[in-house]
Amino acid sequence: MKIAIGNDHAGVDLKNAVMEHLEEAGYTIDDFGTQSTQRTHYPLFAEKVAGKVTSGEYDCGILICGTGVGVSIAANKFKGIRAAAVADATAARLVKQHNNANIICFGARIVGEELAYDIVDAYLGHEFEGGRHQERIDLITSIEEKGTCQ
């Protein structure tokens, strides 16, 4: 599995720890985030990761900012992206199983290292269940195709 990871200034240390954790587990992971703790803009890194996932070059993505919310909002602007901000392993598992999220997002100011490991392990360790959940994904895609609210 090939994973794209990105972060803003708030997520540098946690991103580095998560990368090491995933590399030790045998995942291929490429870094599209900043290495600097100098203030920067999270949409820039969300755009890089979402672009890599939508192109098919990467199987999924991980985005880290202060809360996880900003990067998820930015990534979800890409057609076909289902980015979910989570703060625990149960939500990470469920967004994969039920929503087929292709980018997981969390906040370095919200979760610590051990919880971040649990989150990525839960997300990567499960598969989309399909079935009744596919109908909902199809509805999301239909909304995305329309491009406007009714």
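## The nonpolar cores

A nonpolar core is a set of buried Ala, Val, Leu, Ile, Met, Phe, Trp, Tyr and Cys residues joined through side-chain atoms within 4.5 Å. In this predicted model, the largest such core has 24 residues, of which Val18, Leu22, Ile62, Ile104, Phe106 and Tyr123 touch the most other members. At least two residues of this core come from each of β1, α1, β3, α4, β5 and α5. Helix α5 makes the largest contribution, with six residues.

Another core, of 16 residues, lies apart from the largest one and includes Ala50, Tyr58, Val71 and Ala83. As general background, nonpolar side chains tend to be buried together in soluble globular proteins.

## The central sheet

Five strands form an open sheet with parallel pairing, in the order β2-β1-β3-β5-β4. Strands β2 and β4 (83–85) are the edges, each pairing on one side only. On average, neighbouring strands of the sheet are turned by 20° against each other, direction ignored.

Strand β1 pairs with two neighbours. Five bridges connect β1 to β3 in the parallel sense, and four bridges join β1 to β2, also in parallel. Alanine 4 takes part on both sides: this residue stands opposite glycine 61 in β3, and its bridge partner in β2 is aspartate 30. Because five of its six residues are buried, β1 is largely enclosed by the rest of the structure.

## Helix α1

Helix α1 has 13 residues and reaches 19 Å from its first C-alpha to its last, close to the 18 Å expected at 1.5 Å a residue. The helix lies across β1, β2, β3 and β5, and runs at about 165° to β1. Just after α1, glycine 26 adopts a positive phi of about 95°.

The buried residues of α1 are Val12, Leu14, Lys15, Ala17, Val18, Met19, His21 and Leu22. These buried residues pack against β1, β2, β3, β5 and α5. Two of them, Val18 and Leu22, are also among the residues that touch the most other members of the largest core.

## Helix α5

Helix α5 (residues 113–124) consists of twelve residues and spans 16 Å from its first C-alpha to its last, close to the 16 Å expected at 1.5 Å a residue. The helix lies across β1, β3 and β5, running at about 165° to β5.

Ala116, Tyr117, Ile119, Val120, Ala122, Tyr123 and Leu124 are the buried residues of α5. Their cover includes β1 (2–7), α1 (12–24), β3 (60–65), α4 (89–97) and β5 (103–107).

## Salt bridges

The structure holds three salt bridges. In one of them, the side chains of aspartate 31 and lysine 15 meet at 3.0 Å, N to O. Aspartate 31 lies in strand β2 and lysine 15 in helix α1, so this pair ties together parts that are 16 residues apart in sequence. Aspartate 31 is partly exposed, with a relative accessible area of 29%, whereas lysine 15 counts as buried because its relative accessibility is 0%, the cut-off for buried being under 20%.

Lysine 52 and glutamate 57 form another salt bridge, with the closest N and O atoms 3.5 Å apart. Glutamate 57 is partly exposed at a relative accessible area of 38%, and lysine 52 counts as partly exposed at 24%. A further salt bridge joins the side chains of lysine 79 and glutamate 145 (3.5 Å, N to O). This pair links distant parts of the chain, with lysine 79 in the loop between α3 (69–75) and β4, and glutamate 145 in helix α6 (residues 132–146), 66 residues apart. Both lysine 79 and glutamate 145 are exposed.

## Threonine 40

Threonine 40 occupies the loop between β2 (28–31) and α2 (42–54). Although it belongs to a loop, threonine 40 counts as buried because its relative accessibility is 19%, and buried means under 20%. Setting aside its neighbours within four places in sequence, threonine 40 is in contact with Asp8, His9, Thr34 and Phe45.

Notes: Residues numbered from 1 in each chain as written. Predicted model: local features only at pLDDT ≥ 70, side-chain atom pairs only at ≥ 80, totals over all residues. Heavy atoms only, no water. Expected span 1.5 Å × (residues − 1). Buried < 20%, exposed > 50% of the residue type's maximum accessible area, 1.4 Å probe, protein only. Contact = heavy atoms within 4.5 Å. Pairing = 2+ DSSP bridges. Axes fitted to C-alpha atoms, helices over the stretch in contact; angles between N-to-C directions. Salt bridge = Lys/Arg side-chain N within 4 Å of Asp/Glu carboxyl O.
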